[in-house]
Amino acid sequence: MSLAGDISAGAPRIHLSQDMRQLIYRLLAAGLLCLALSLASEAFLTANNILNVLRQASLLFFLASGLTLVILTGGLDLSVGANIGLSACLAATVIKATGSPVLGTLTGLAAGCMVGICNGLMVAKLRIPSFIATYGMLWVLHGVTYYYMGGETIHGFPPGFRQIGSGYFLGIPIPVYLMVGFLVAGTLFAQRTVWGQQIYAIGANPLAARLTGIPVDRRLILVYAFSGAMAGVASIVFLARLNSAEGDIGEAMTLPAIAAVLIGGASLFGGVGTVFGTFVGALILTLVLNGMNLLAVNASWQPLVTGVIVIFAVWLDMHGRKKA
Amino acid sequence: MSDAALSRAPVRLPAVPGVAVALAGLALLFAVATPGFLSAGNLSNIMVQSVILLLLALPMTLIIMTEGLDLSMGAVLTLASLVLALTVVSTGSLMLGLAGAVGVGLAFGLINGWLVAGLSIPPFVATLGTMGAAQGLALIVSDGQSVVGIPRFVRQAYSGDVLGIPNPVLIGAGFYALFHVLLYHTRFGTYICALGGNRDALTLAGVKWKRLLVSVYMLGGAMAGIAALLMTARMNSGHPTAAIGMEFDAIAAVALGGTSFEKGNGWIFGTLMGVLTVGVLRNGLNLMAVPSSVQVACIGALVIFALFLDGMRSHKS
């Protein structure tokens with residue numbers, strides 16, 4: 001894995017091995033978690049449950065991978081969960097109206113992307129702090145979606161469309177293939193393209209990035225658009241899996257997505273993190289939540305645990321910085 | 001950034017109080033659009049309904065002045081309300097219930113403050129995490145059910161009045177005066193201005209600003225506990241999702257009121273007007289039978305607009 005290697009082009013070599021070490025720690029943590037869970041519950045190490053974990057992790061990963069790019073620039077996108085709600089409801093309407101899953105999927109992706117572009121414009125052009133701008137957007141989306149749906153549910157989609165969320169290919173759920181695809185594409189984009197490296201540069205030092213001639217505003221808009229589009233992707237898979245659309249469909253997913261990115265080693269201060277790290281983060285978080293499920297812990301505990309994990313992950317990051 | 005902070009007095013009134021224009025404009029709009037808006041009953045209704053929001057927005061102003069944010073306030077209010085309701089139902093003592101609610105608020109304030117000041121975690125993430133924790137706890141203590149069977153005397157806190165002035169208005173006015181004095185006439189208030197504007201100066205002056213910062217968040221938690229009393233009394237029950245998202249209205253009111261997110265400039269009277277603006281907006285849209293979801297969207301748009309103006313103003317100066 002040379003993923004972590006290119007993070008900070010031009011930075012001292014020590015950083016390189018440190019990032020690698022961080023990643024290994026996280027993989028170890030995931031491994032230990034698996035070991036503990038397989039000892040604690042017989043149901044854990046069954047093929048069914050493993051595939052289930054992967055499928056759940058894939059939903060989280062879609063959302064978290066777009067968010068990773070935002071966090072790499074030192075921003076935050078709190079609107080992703082609400083974005084899922086709006087995109088899913090719009091996509092569902094189009095599928096119902098036209099009977100075409102392709103048109104519906106495109107609508108969902110476009111809606112997510114448009115919301116992301118609005119976020120990007122607010123952050124880059126109006127210079128509103130990202131967490132406030134996207135927090136405002138969260139409530140705008142929430143309101144619009146609830147008004148649009150009027151408390152209704154749209155359900156019952158063509159079987160072909162539902163395959164995206166609940167189908168299997170060679171015994172492995174289709175969302176897992178999508179996850180691997182986005183993992184590879186995201187990693188290549190972030191590590192191997194000029195734009196990707198510019199995103200790291202913006203997060204590491206926005207002023208220096210501007211002075212070296214990187215079109216910071218345009219890259220920021222791009223990053224938020226990506227995040228929105230990935231929320232669109234998540235909404236489609238979610239829709240296909242649930243076979244129904246409601247206004248509050250993705251509301252509970254914002255905090256876990258942020259948690260996945262932070263567990264994956266990205267820093268809220270920008271410039272540090274990888275898409276692969278986020279993948280590992282999504283896996284770890286899903287393992288924790290899955291384990292709680294298997295051990296019959298009340299689902300009410302999930303937000304509490306996720307909240308504590310978020311804080312703990314940020315604290316780890318800060319702690320690591322102080323030492324370095 | 002630090003140069004700019006040094007050259008500017010910590011508290012500065014906005015050149016044009018945009019919030020006053022917004023408040024007057026909205027009031028005028030609703031007065032024309034809906035016949036019932038200007039009735040005495042409705043106006044006092046707006047005041048009464050705005051008090052819970054004011055109790056959150058006042059400490060939120062101080063928190064935002066320290067370049068902080070408390071996203072957990074709505075969830076903590078919900079949890080405190082449930083604790084109050086459960087305690088009152090099981091013991092019959094309002095004082096115990098209120099103590100429990102304020103205790104919950106203080107505990108969460110302490111945790112928030114410790115995360116922000118002690119561990120230097122960015123406030124919006126720290127309080128996002130505690131928001132999840134408080135929401136989870138609210139579901140756990142209530143088992144996802146409403147708490148009903150609250151004694152009638154609790155309702156008095158919200159529906160009673162003294163000399164014709166409704167209790168909530170008295171409570172709101174009292175706390176407004178308290179925060180005004182606290183911010184503008186005490187050393188604590190001066191330090192809060194410095195916390196946002198010039199933290200280095202506090203360190204150099206030998207002020208233990210971390211403790212100060214923790215106490216600001218604890219103040220926010222305690223106020224959420226007090227607001228929980230009014231909310232429980234108003235709804236006559238405790239509900240595990242009652243005040244979820246209410247911190248957004250509070251942040252909106254503070255942002256509308258011209259308190260800046262970046263420089264430690266705060267304006268308590270602006271917050272009061274911001275609260276009334278949100279109150280008038282919600283009330284007027286209610287009278288026009290606009291669904292609550294659209295109201296939320298309107299407030300969101302209003303906040304983004306206010307922040308845009310805030311950015312414009314700071315770019316000019």
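The structure is a predicted model, and it scores ipTM 0.75 and pTM 0.82.

**The contact between the chains**

- The contact draws 35 residues from chain B and 32 residues from chain A.
- On the side of chain B that touches chain A, α6 (123-142) and α14 (292-316) of chain B each supply at least two residues, and α6(B) gives the most, with 14 residues.
- Sorted by class, that side of chain B has 25 nonpolar and 10 polar residues, with no charged residues.

**Two packed helices in chain B**

- Helix α3 (residues 40-65) of chain B packs with helix α11 (residues 209-235) of chain B at an angle of about 175°, and their axes lie 9 Å apart.
- Angles over 145 degrees count as roughly antiparallel, and α3(B) and α11(B) are therefore roughly antiparallel to each other.
- The residues that make this contact include B:Val51, B:Leu55 and B:Ile63 of α3(B), together with B:Tyr217, B:Gly220 and B:Met231 of α11(B).
- By class, the contact of α3(B) with α11(B) has 18 nonpolar residues and 1 polar residue, and no charged residues.

**Confidence in chain B**

- The mean pLDDT of chain B is 84, and 92% of its residues reach 70 or more.
- Within chain B, confidence is highest in helix α5 (residues 94-118), at a mean of 93, and lowest in helix α1 (residues 2-7), at a mean of 44.
- Over residues 1-11 of chain B the pLDDT is below 50, and this stretch has 11 contacts in the model beyond near neighbours in sequence.
- Where pLDDT is low, the predicted coordinates should not be read in detail.

Conventions
Residues are numbered from 1 along each chain as its sequence is written. Chains are lettered from A and ligands numbered from 1 in the order in which they are written. This is a predicted model: local features need pLDDT of at least 70, side-chain atom pairs count only at pLDDT 80 or more; totals for chains, interfaces and linings use all residues. Two residues are in contact if their C-beta atoms, placed from the backbone, lie within 7 Å. Helices (H or I, at least four residues) and strands (E, at least two) are DSSP runs, numbered from the N terminus. Ala, Val, Leu, Ile, Met, Phe, Trp, Tyr, Cys and Pro count as nonpolar, Asp, Glu, Lys and Arg as charged, and the others, Gly among them, as polar. Axes are lines fitted to C-alpha atoms, for helices over the stretch in contact, and angles run from 0 to 180 degrees between N-to-C directions. Angles under 35 degrees count as roughly parallel, over 145 as roughly antiparallel, 65 to 115 as roughly perpendicular and the rest as oblique. pLDDT is the predictor's confidence in each residue, from 0 to 100.
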